[in-house]
Amino acid sequence: MVIITTTGAKSGRAITNPLVYLPDGDRIVLIASNGGADKHPAWYFNLLADSELTLEVGSETYRGKAELVADPERTALYDRMVERLPGFAEYRDKTSREIPVFAVYRTS
């Protein structure tokens, strides 16, 4: 699990969300599955508006920058998450939307 703190796209307030993540070298991958709902999670819009965020992984807290990943890498990363946590296949099957994937790079 990772705890992310983003800036609210509408409110400007700090908003915290716990998420599962996929480790990927020196970055982590976040998947905006929203449990397979037909709309993106609020944190997705927050990262589009301001890609800077704070991450808490274990006992470590650091700043990062999120980048939306495009295909074919998006699909490859999503498939890796499905291998790790098969429930993500169900999320993909439940919705007609393309589920966004973010790569988050450490900045501090």
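The legends below describe close-up views of a predicted model. Local features are given where pLDDT is at least 70, side-chain atom pairs count only at pLDDT 80 or more, and totals for chains, interfaces and linings use all residues. Residues are numbered from 1 along each chain as its sequence is written, and side-chain values use heavy atoms, with hydrogens and water left out.

**View 1. Helices α2 and α3 in contact.** Helix α2 covers residues 73–84 and helix α3 covers residues 87–94; helices (H or I, at least four residues) and strands (E, at least two) are DSSP runs, numbered from the N terminus. Two packed helices are described by the angle between their axes and the distance between the axes. Here the axes come within 6 Å and cross at roughly 130°. Axes are lines fitted to C-alpha atoms, for helices over the stretch in contact, and angles run from 0 to 180 degrees between N-to-C directions. The pair is therefore oblique, the term for angles that are not roughly parallel (under 35 degrees), roughly antiparallel (over 145) or roughly perpendicular (65 to 115). From α2, residues Y78, D79, M81 and V82 meet F88, A89, Y91 and R92 of α3; contact means heavy atoms within 4.5 Å. By class, this contact has 6 nonpolar, no polar and 2 charged residues. Ala, Val, Leu, Ile, Met, Phe, Trp, Tyr, Cys and Pro count as nonpolar, Asp, Glu, Lys and Arg as charged, and the others, Gly among them, as polar.

**View 2. The buried face of α2.** R74, L77, Y78, M81 and V82 of α2 are buried; buried means under 20% relative accessible area, exposed over 50%, and partly exposed in between (1.4 Å probe, protein chains only). Seen down the axis of α2, these residues fall within an arc of 150°, so they line one face of the helix. The arc is that of the directions from the helix axis to the C-beta atoms. The buried residues of α2 pack against β3 (22–24), β4 (27–31), α3 and β7 (101–106).

**View 3. The two sides of α1.** In helix α1 (residues 42–49), the buried residues are W43, Y44, N46 and L47. They cover an arc of only 160° around the axis, which puts them on the same side of α1. A42 and A49, on the other side of α1, are exposed. The packing partners of the buried residues are β1 (2–7), β2 (14–19), β4, β5 (52–57), β6 (60–68) and β7.

**View 4. D24 in strand β3.** D24 is found in strand β3 and is buried, with a relative accessible area of 16%. Not counting residues up to four places away in sequence, D24 touches V29, L77 and R80. D24 and H40 are 16 residues apart in sequence and 23 Å apart in space, C-alpha to C-alpha.

**View 5. E90 in helix α3.** E90 lies in helix α3 and is exposed, at a relative accessible area of 53%. C-alpha to C-alpha, E90 and R80 are 14 Å apart in space and 10 residues apart in sequence.

**View 6. Backbone geometry in two loops.** Most residues other than glycine have a negative phi, and most peptide bonds are trans. P72 lies in the loop between β6 and α2, and the peptide bond from D71 to P72 is cis, with omega near 10°. N34, in the loop between β4 and α1, has a phi near 55°, a positive value in a residue other than glycine. At 32% relative accessibility, N34 counts as partly exposed.
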